[in-house]
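Have the model open as you read.

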2 protein chains.
Amino acid sequence: MAFKVGLLGLGTVGTGTAQILLDPAGRHPLLKELEIHRVGVRSPDKPRAVQFPEGVLTADLEAIVSDREIEIVVELIGGLEPARSLILQAIAHGKHVVTANKAVIARHGAEIFTAANEKGVYVMLEASVGGGIPVIQPLKQSLGANRIQSVTGIVNGTTNYILTRMQREGADFGEVLADAQQLGYAEADPTADVDGLDAADKIAILASLAFGGRIDRDRVYAEGIRKVSAADISYAEKLGFTIKLLAIAKRERQNPEHSEDRLQLRVHPTLVPKTHPLASIDGVYNAIFIEGDPIGQVMFYGPGAGAGPTASAVVADLLNVAAVLKTETEPIPHPLIGCSHQHYCSIASMEEVVTRFYVRLLTEDQPGVIGQLGTCFGNHGVSLESVVQTGMRDRLAEIVLVTHDVREGNFNSALADIQTMSAISTIPSLLRVL
Amino acid sequence: MAFKVGLLGLGTVGTGTAQILLDPAGRHPLLKELEIHRVGVRSPDKPRAVQFPEGVLTADLEAIVSDREIEIVVELIGGLEPARSLILQAIAHGKHVVTANKAVIARHGAEIFTAANEKGVYVMLEASVGGGIPVIQPLKQSLGANRIQSVTGIVNGTTNYILTRMQREGADFGEVLADAQQLGYAEADPTADVDGLDAADKIAILASLAFGGRIDRDRVYAEGIRKVSAADISYAEKLGFTIKLLAIAKRERQNPEHSEDRLQLRVHPTLVPKTHPLASIDGVYNAIFIEGDPIGQVMFYGPGAGAGPTASAVVADLLNVAAVLKTETEPIPHPLIGCSHQHYCSIASMEEVVTRFYVRLLTEDQPGVIGQLGTCFGNHGVSLESVVQTGMRDRLAEIVLVTHDVREGNFNSALADIQTMSAISTIPSLLRVL
């Protein structure tokens, strides 16, 4: 007996998913028991890369989520609506759901999982983070013995592609973005990618799994790569760093005043030491680096997007659900597949985050400026690791400095003071260091 | 109701496993339902890093595998016997088995899984390959949508540590091995590691999962790192390669004469292009690089050994079995956890493998030698990518050459001819290129 699947959306990932399901030879044997029953698309008459029997394609998406024969609904429309409503309707009709939609899970996950738990169905989301890279299932399962300390990811292929090309070509952000748009590596409206919003959705999802609680997506700090310049990439390189857009979720040591650990949740361009495994992840590839006790450090690397890889993750979820349907006799939440978080994780404000900083300043070319900077940082408890006058730019002296670990709030007050110093012209760059 | 676990062995991994089970806070909630019922050790009275209630420690291992209350037996003794017999006895008594023992699975897997399938129990082995790195479960599950084309791993930490130090220090094998033994990174008898036997066990296991068939361990070609010299590491570096001990399992394009794909299965020191993700895996870290359709390339990276990481994998398997026990009502083989391979994979002989070669030769310093070499290789259909006379060594001219892809049989006949050439003194090195 085959498990009937309803597919919502037949774009690149939907097509990739259908191609796997229609050609199961040489893949997992359980795939032969999955059958595409109906496919919802906007224009059923449009020519398609995959052929379905008469009547499988339909424009009536609501008919799919309520179809009595369908057991699993695969949502590959993307965006918040109508994806959210269709997922909720599918759940209400007792369907299991597989989705690649990070935005809807990051923003409406609480509502969706509450509904799913009430109905005793599963919502699977391997494809929502890291394309084909298995990371959701390992976090639910293979790493279950660990207390996770941090999850650090390069989870947006577009920005990693842009930063890699900026580094290799010494080019500035604007020109590489324009070229990436032309080549199809960046969208016409690149906001979600280059401003870090997509990465923020993804780290919210990873943090929820790693730390076992719900995440308020609005509390995730997101800073994109628009301000990263060729000059900073070059200075970072000389200092032994590569600049990457990192998505970071980190458990803070428990504060005696708080009953519970707090999380840091932040997306920003970051100077990554070249010896770190994440420093060499280039182009559209993604990687997720996880630290836990007792495992230490593990990293998952692979293609972060694309039809084939993302479809691979969608079908992995389908296999998981099919295996559950085959072996369970009653729909109780499977302890390694279902989601049972009820509470929201406590999230630290950026002011409280402790990190190192890289700063580039343009100052009057007069003696004593470095001394003044050092004194002012020192007054705010910021200690400096290195200060280098790199040369002259626009008739101003250019100074690049890297701090030791400092509470971001302290650093900001130091910076506010420095901005009032008469010798300081501008502070073109301010980046965090891993 | 807790699931009762019997532990065989309380060495470093056994101790690490017990420490996780005895301290479940902040880890997967299902861990609280696992209880260490009995622990089998050679000397129950020896002082231990973990304390158990009176009567838990016993020297009677057979009493554990037949204990009526125990549902899961964890075998952490290592080696072939008595591990094999104890595993088979545990299965015969209807226990699920979790093991970190690559040797026993690689050599007696067929017998063990046949027995397990007959009894309807699971044998789990995440810890047998790659220490804490999740790779067994992803192969069974997350990558199930794919046709796997190749699995290439750095799966032995000792040899990777030795090669990394040889590279950094320009040192020769012997001195680094001696130092590694002193530091505890290599065993007093390093044979299993440095001769590639441990890696061969592991690639046999990975291949079985990746290609869905049983593997005759004796057909895995294993060549260790004893002959890798500082000179070769340095030449490889100049040519843009890093030398790694790779374990390779690769599906060969189907031959029209054969009804089934054949596998290459081989362990040998390999020149890895520096741009390849495996080239930067250093020290005791392991990584497994997998190519599949449609996912493309993914890599799993992490600590390949050690108490904490290996215990993390053992406990991940315990969680998997506990989840099955909690949700299944009858013991049918779970399609993503159980093993149902019956047939043996067909394995290509090394003569048939197509690869590139790196060769270092010492020749008389006379004109025309490179021409003679080129002609001889050409006669056997071996085309050369680069030939460099690197200088003089022991009053002989040293020549380093790299071939294009060639059938290993053809290459060997060319080499046999070359060895008869009067100008050729010796061929100190012969390595394959990824």
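**Sheets, crossovers and a cavity**

Val74(A) has Val98(A), in β5(A), as its bridge partner. The two strands involved are β4 (residues 72-75) and β5 (residues 96-99) of chain A, which pair in the parallel sense over four bridges. Strands are DSSP runs of E with at least two residues, helices are runs of H or I with at least four, and both are numbered from the N terminus. Two strands pair if DSSP finds at least two bridges between them.

This is a predicted model, in which local features need pLDDT of at least 70, side-chain atom pairs count only at pLDDT 80 or more, and totals for chains, interfaces and linings use all residues. Residues are numbered from 1 along each chain as its sequence is written, chains are lettered from A and ligands numbered from 1 in the order in which they are written, and side-chain values use heavy atoms, with hydrogens and water left out.

Now widen the view in chain A. Six strands make an open sheet with parallel pairing, in the order β3-β2-β1-β4-β5-β6. Its edge strands are β3 (57-58) and β6 (123-124), and each pairs on one side only.

Turn to chain B. Here an open sheet of six strands runs β3-β2-β1-β4-β5-β6, again with parallel pairing. β3 (57-58) and β6 of chain B stand at the edges with a single partner strand each, so one side of each has no neighbour in the sheet.

Follow strand β5 (residues 96-99) of chain B. Both of its faces are covered. His96(B) and Val98(B) on one side are buried, and so are Val97(B) and Thr99(B) on the other. Buried means under 20% relative accessible area, exposed means over 50%, and partly exposed lies in between (1.4 Å probe, protein chains only).

Which strands pair with β5(B)? One is β4 (residues 72-75) of chain B, parallel over four bridges. Within this pairing, Ile72(B) has His96(B) as its bridge partner. From β4(B) the chain crosses through helix α3 (residues 83-92) to β5(B), in a right-handed β-α-β crossover. Right-handed means that, with the strands pointing away from the viewer, the path from the first strand over the helix to the second runs clockwise.

The other partner is β6 (residues 123-124) of chain B, parallel over two bridges. Val97(B) stands opposite Val123(B) in β6(B). The chain gets from β5(B) to β6(B) through helix α4 (residues 102-119), and this β-α-β crossover is also right-handed.

Next, look at two glycines of chain A. Gly9(A) lies in the loop between β1 (3-8) and α1 (12-21). It is buried, with a relative accessible area of 12%. Gly170(A) sits in the loop between α6 (157-169) and α7 (173-183). Gly170(A) is exposed, at 52% relative accessible area.

On a 1 Å grid over the protein atoms alone, a cavity is a set of points where a 1.4 Å probe fits but cannot get out; lining residues have an atom within 4 Å of a point. The whole structure has four cavities of 30 Å³ or more.

Key:
1 Å grid on protein atoms, 1.4 Å probe; cavity = no way out; pocket = protein on both sides within 12 Å on 5 of 7 lines; lining within 4 Å. Points joined across faces, edges and corners; volume = space filled by probe spheres on them.
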